[in-house]
Amino acid sequence: MLERDRELAELLAASDDAGHGWGSVVLVFGEAGIGKTSLVRAFTEAVGADVRVLVGACDDLMAPRALGALRDAAAGTGGPLERTLAEGAAGEAVFAAISAEMSQAGRVVLVVEDVHWADDATLDALTYLAGRVDDLGTVLVLTFRDDELGTRHPLQRLLGALTRARVRRLPLRPLSPDAVARLAAGSGRDPRTLHAVTCGNPFYVTEVLADTPGEVPETVADAVLARVRVLGEDCRTALEQLSVVPTHVGLRLAEELLGDRLDALAEAERRGIVEVRPEGLAFRHELARRAIEGSLPALRRRTLDRAVVRALLTRREPDRDRLLHHAVRSDDAETIAAHAPAAAREAARAGSHRQALTHFEAALRHPDRFTAADRAGLMDDYAWELYNAHRFTSAVRAGQEAVRLYEPSADPAAFGRALVRLSRHHYMTGETDAAEDAVSRAVRVLDPLGRTPELASALTHQGALLALTGHSERAVHVLDQARRLAGEHGCPDLISLCLNYLGVARADLGEPAPALRCVRESLATALHAGSHESAARAYTNLAELLYRFGDLAGLDRCVEEGLAFTRECGFWSHAYNLDVHRCLALMRRGETASAEQGLRALVEGVDDPGMLYVYSVPPYARLLARRGDAGAEKPLIQAWHRALRQRSLPGLAYAGIAYAEWAWLARRPEAAGAVRDLLLPFLDRPGRESFRAELLWHLARSGPAAEPFEGCPEPYAASLRGDWRTAAEGFAAAGAPYEQALELAESGELGPTLTALGMLDRLGASAAADPVRARLRALGLRRVPRGPVPATRTHPAGLTARQSDVLELLAEGRTNAEIARHLVLSVRTVEHHVAAILDKLGATSRREATETARAAGLLHPGPAAPTRWDPESPGTVGFA
C-alpha cells in the first residue's frame with residue numbers, strides 16, 4: 001500500500017459520510033496492475049464492523065454473466081437482491097431490489113470490481129443505483145481500467161450519467177522512484193533500472209522482485225513465466241489448466257479439473273502466484289493468468305478449454321456463460337447449439353443486449369445444427385438484439401432472413417410477428433416504404449387468425465406508421481381498433497403505444513391539448529405496467545410535441561426525466577432522440593456552444609443512428625452554417641434526401657428548415673426554392689403551423705416576401721407582416737436571441753442594427769453577421785465593429801484552428817504520438833482531429849489528406865483566408 005494513503009483515506013471518508021446519510025460513488029481507476037484491488041481490499045478490511053460490505057467482480061468472459069457481479073455481491077445475504085436475482089427477475093424488479101438491499105439498516109458499501117467488463121444489465125442497475133446513492137446514504141465503489149475505455153465503450157454511459165451523484169474520483173498513479181527503491185531494498189536490483197522497466201506499476205515491480213536475482217526482464221510476461229519455470233511439473237500443468245479460466249476458478253471446478261493434482265498448486269500458492277479466495281482459486285493478478293495462457297500453443301489451449309466444458313456439463317444447471325466461453329474457444333459446436341440460444345434469450349430478458357448478441361452469433365455460426373423453424377426464431381431474436389444495439393442495417397438483413405425462413409412454415413403467427421419486427425427495423429433505417437410494406441403484409445397474414453395479440457401488435461405498428469407519415473385520420477381509426485384489441489388481451493405495452501401514436505395523430509390534426517393528454521396517458525400506462533420500451537417511446541414523442549408547440553419549459557422537464565429513465569434502462573436510441581431535443585432547446589435559447597458540443601457528440605459518436613440522422617444532423621449543420629463553416633452543406637443535403645425518403649414530419653421539418661436557413665446564409669436561392677416547392681405543401685395542414693411559419697420566415701430572406709397565413713403563430717406572423725419591432729420583442733420574450741437579432745437587423749435603423757450585430761457576434765453567427773455589417777455601412781456607419789479576429793474565422797476546408805495545426809504536422813509525416821507531444825494534447829484527442837481532417841478533406845488516408853491539402857494550398861504558411869459565399873458559383877443541388 002505504498003503511496004496509497006490519500007486514496008484509502010478518501011474511501012474511508014466516503015464510508016464515514018454514509019454514516020451521516022451522505023451517499024456517494026467512488027471511482028477507483030488506473031491501468032492493469034496499478035493496485036486497484038489491493039486498495040479496495042485494504043478499504044474493506046479497515047471499515048468498521050457496523051458496515052455491511054458487498055463485493056462483486058465482473059468477468060473477462062466472451063459474454064459476461066448477466067448481472068453476474070451483483071449475484072456474487074448478494075450471495076449468501078438472504079436479502080431482497082439475492083432473492084430477486086434467484087427468481088430470474090430483470091429490469092424494474094432488479095432496480096427495486098438493489099434499492100431495498102442498499103437501504104437496509106446500517107451503512108452499506110457495494111464494491112464492483114472491473115466494471116469495464118460489465119454486462120449491459122449490470123451497467124443499467126449500477127446507473128440506476130448511482131443516481132440514488134445520496135438518497136440511500138450508501139457507498140458505491142467501482143474499479144476499472146481507464147486506459148481501456150474508448151469514447152464508445154459501454155461504461156462511458158454509466159460515467160456520463162453520474163451528474164446526479166456525489167462522485168469521488170481516485171486515479172491511481174504509478175509508484176515513484178523512491179517507492180520502487182524502498183520495495184527493491186536488499187534485493188540486489190538496481191532501483192533506477194527497475195523503475196524504468198516497470199514504469200512504477202506495482203504489480204510489475206513485485207513480479208520482477210519475486211523472480212530470481214539477475215537481469216531485469218523486459219516484460220511482465222517474462223517475469224511471470226520465469227517464476228513458473230522453476231515450479232515442479234505437476235504444478236506447472238495445473239497452472240496451465242487454471243490459466244484458461246478467466247477471473248477465478250471455484251474450488252469445486254478446480255477439483256473436477258485437477259483431481260489429485262490440486263495439491264500440487266500449494267507450491268504456486270507459497271510463491272504468491274495463486275491465491276485461495278472465498279470465491280475459489282485465482283491468480284494473484286489477471287495479468288499473470290494471461291501471461292501463462294498466452295504462452296500455451298493453440299492446440300494445448302483448445303484441449304484445456306474442452307476439459308472445462310466437460311467439467312461444467314456434469315452439473316445439473318451449468319453456468320451457461322462460462323460454459324459457452326470455453327465451448328466457443330474450443331469450437332465445440334454441439335455444446336454451442338445446445339446452450340447458446342437459451343443463454344442469448346436469458347441475457348436479452350435480463351437486459352444484457354451485447355451479451356445476447358454474442359451468444360446468438362455463436363449459435364448462428366453453426367446453422368446446420370438447427371431446424372429451419374429454430375433458425376428462423378434465432379434470426380428473428382438476433383435481429384431484435386441488433387436493433388437494440390443500434391445496428392439497424394444489420395437488423396434489417398437478419399429480419400429479412402427470419403421472414404424468408406418463416407414463410408414456408410406452418411406458423412403464421414410467428415411469421416406475422418417477424419414481419420412486424422422487420423417493419424420496425426426498416427423504419428429505423430429510414431426506409432419507410434419498406435416498413436409500410438412489411439406491416440401491411442403482417443396484417444394480411446394475421447387477420448385470418450382472428451382477434452389475436454399478434455394482430456393487435458401489427459395494427460398498432462401500422463397505425464404508428466400512418467401517424468408518423470401524416471395519414472392522421474386513418475391512423476386514428478387503426479389505432480382505436482388496435483387499442484380495443486390490445487385491451488381484450490391485456491397488453492398494456494400495446495395500449496401505451498396506441499395512446500402514444502394517437503397523440504401524434506391528434507397533434508397533426510391541430511388538436512394540441514388532446515395530443516399531449518394522449519401521450520402523457522401513454523407514458524403513465526407504460527410506467528405503471530413496467531413496459532419500459534413503450535415508456536421510452538412516450539418520452540421521445542412527448543419531447544417532439546413539446547418542442548413543436550414551443551413549450552421549452554415543459555420540454556426541459558420531459559428531457560430530464562426521459563434521459564434519466566432511458567439511460568438507466570439502456571434505451572440508447574431513445575436517449576439519443578431526447579438528447580437531440582435537449583440541444584434544440586439550448587440552440588433556441590442561444591446557448592450555442594453547449595448545443596454544438598452536444599450535437600457534435602451525437603453526430604460523431606454514433607456509427608448508425610438510423611432514421612435519427614435527420615434529427616441530429618440538421619441542427620448541427622445549422623450551427624455550422626451560422627458561423628460560415630463550409631462543412632455544413634454536404635450533411636444537410638444528405639439529411640434532406642433521407643428525410644424525403646423517410647417522410648416523417650419531424651425529420652422533414654428539421655431537415656427542410658435547416659436547409660432553407662443554410663440556403664439564405666450561403667446565398668443559394670435555388671436551393672431555398674427547391675425546399676419551398678417540396679416541403680411547403682406538406683406543411684399546409686392544421687397541426688403543422690409552427691413548422692410552416694418558421695420555414696416561411698427563412699424562405700422570405702432568400703426570395704419573395706411571404707404573407708402570414710391563417711393560424712400563423714407569433715412572433716413569426718409579425719415578422720411576415722413586416723413588423724420587425726413586434727417580432728423582435730416576441731422573440732426576446734421567448735428567449736430566442738438569434739431570431740431576435742435577425743429581426744433587429746431588419747429595422748433599417750442604426751441602433752437596432754448595431755444591437756443585432758453584437759448579438760450575432762456573441763452567438764458566433766458570423767455568416768449571419770456579415771450582411772448586417774454591410775447594412776451598417778449602407779446606413780452610414782463609418783467604423784463598423786470588426787467582429788471575431790481572423791484566427792477564429794472559417795477555414796476554407798472547414799477545419800478548426802487546432803485541426804489546421806494537426807494538418808501541418810501530419811504533412812510533415814509525424815505520428816499521432818509525436819503530434820500529441822508537440823501540441824500538448826492527448827493521443828486520443830489527436831486521433832479525433834485526424835479523423836475529422838480525413839472526413840472534411842474527403843480523404844481515406846493520411847497521405848491522401850496531405851496531397852489534397854497541398855493541392856488546395858491549405859499548407860501554405862499564414863492564416864487561411866476566410867471563405868466567402870459566391871452566389872454566382874456553378875453547381876446545383878439535386879433533390880429526390
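Mentor: The model is predicted, so local features are reported at pLDDT of at least 70 and side-chain atom pairs at 80 or more, while totals for chains, interfaces and linings use all residues. Numbering starts from 1 along each chain as its sequence is written, and side-chain values rest on heavy atoms, without hydrogens or water.

The partner of Asp480 is Arg483, and the two form a salt bridge whose closest N and O atoms are 3.6 Å apart. The criterion is a side-chain nitrogen of Lys or Arg within 4 Å of a carboxyl oxygen of Asp or Glu. Side chains of opposite charge can pair when their charged atoms come close. Asp480 and Arg483 share helix α26, residues 472-488, where 3 residues, about one turn of the helix, separate them. Helices (H or I, at least four residues) and strands (E, at least two) are DSSP runs numbered from the N terminus. Arg483 also counts as partly exposed, because its relative accessibility is 32%.

A second pair has the spacing of about one turn, with Glu286 and Arg289 lying 3 residues apart in helix α16, residues 286-294. Their salt bridge brings the closest N and O atoms to 2.5 Å. Here both residues, Glu286 and Arg289, are buried. The pair also belongs to a network of salt bridges, in which Glu286 and Arg289 are linked with Asp60, Arg290, Glu293, Asp305 and Arg329.

Glu10 and Arg168 form a salt bridge with the closest N and O atoms 2.9 Å apart.

Rolling a probe the size of a water molecule over the atoms shows where empty space is left. The structure holds 10 cavities of 30 Å³ or more; a cavity is a set of points, on a 1 Å grid over the protein atoms alone, where a 1.4 Å probe fits but cannot get out, and lining residues have an atom within 4 Å of a point.

The largest cavity has a volume of about 200 Å³, the volume being the space filled by probe spheres set on the points, which are joined across faces, edges and corners. Its lining comprises 16 residues, and those nearest the centre are Arg424, Met428, Thr540, Asn577 and Met611. Three helices, α23 (412-428), α29 (532-548) and α31 (572-588), each contribute at least two residues to this lining. Of these elements, α29 supplies the largest share, 4 residues. By residue type, the lining of the largest cavity holds 8 nonpolar, 5 polar and 3 charged residues; Ala, Val, Leu, Ile, Met, Phe, Trp, Tyr, Cys and Pro count as nonpolar, Asp, Glu, Lys and Arg as charged, and the others, Gly among them, as polar.

The second largest cavity has a volume of about 110 Å³. It is lined by 14 residues, with Val504, Glu544, Arg548, Leu649 and Pro650 closest to its centre. The elements giving two or more residues to this lining are α25 (453-468), α27 (492-508), α29 and α35 (649-665). Helix α29 again deserves attention, as the element that gives the most to the lining of the second largest cavity, 4 residues. That lining divides into 8 nonpolar, 2 polar and 4 charged residues.

Arg667 lies in the loop between α35 and α36 (669-683), and its phi is near 55°, a positive value in a residue other than glycine. Arg667 counts as partly exposed because its relative accessibility is 42%. Leu67 likewise is not a glycine and has a positive phi, about 60°, in the loop between β2 (51-57) and α3 (68-74). With a relative accessible area of 1%, Leu67 is therefore buried.

How values were computed: 1 Å grid on protein atoms, 1.4 Å probe; cavity = no way out; pocket = protein on both sides within 12 Å on 5 of 7 lines; lining within 4 Å. Buried < 20%, exposed > 50% of the residue type's maximum accessible area, 1.4 Å probe, protein only.
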